[in-house]
Amino acid sequence: MLGDILSQFYFADGRKLELQSDYRLMAFDIEKLVSIPKTVCLAGGEEKVEAIYAGAKAGYFRR
């Protein structure tokens, strides 16, 4: 796993980590973010650059 958005983890290639079927998601599904025209990403620290880049490349947030 590289990063997380809304408590959902994703890999460097943008794939979301699929959790067990008994896990109940209590957040907006990040895969639906790609259909939203404008989104915002907030993060801090140089250690998060790779995760931010991967999330943007996957379309989870846009400018």
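Visitor: Is Thr 39 buried or exposed?
Guide: Thr 39 counts as buried because its relative accessibility is 15%, where buried means under 20% relative accessible area, computed with a 1.4 Å probe on protein chains only. This is a predicted model, in which local features need pLDDT of at least 70 and side-chain atom pairs count only at pLDDT 80 or more, while totals for chains, interfaces and linings use all residues. Residues are numbered from 1 along each chain as its sequence is written, and side-chain values use heavy atoms, with hydrogens and water left out.

Visitor: And what does Thr 39 touch?
Guide: Leaving aside residues up to four places away in sequence, Thr 39 touches Leu 33, Tyr 60, Phe 61 and Arg 62, a contact being heavy atoms within 4.5 Å.

Visitor: Which residues make up the largest nonpolar core?
Guide: That core has eight residues, namely Ile 5, Tyr 10, Ile 30, Leu 33, Ala 51, Ala 54, Tyr 60 and Phe 61; the term covers buried Ala, Val, Leu, Ile, Met, Phe, Trp, Tyr and Cys residues joined through side-chain atoms within 4.5 Å.

Visitor: What about Ala 51, which residues does it touch?
Guide: Ala 51 touches Leu 2, Gly 3 and Tyr 10, again not counting residues up to four places away in sequence.

Visitor: Switching to classes, how many nonpolar, polar and charged residues are in the lining of the largest pocket?
Guide: The lining of the largest pocket has nine nonpolar, no polar and three charged residues, with Ala, Val, Leu, Ile, Met, Phe, Trp, Tyr, Cys and Pro counted as nonpolar, Asp, Glu, Lys and Arg as charged, and the others, Gly among them, as polar. A pocket here is an open set of points on a 1 Å grid over the protein atoms alone, where a 1.4 Å probe fits, with protein on both sides within 12 Å along at least five of seven lines, and lining residues have an atom within 4 Å of a point.

Methods
Buried means under 20% relative accessible area, exposed over 50%, partly exposed in between (1.4 Å probe, protein chains only).
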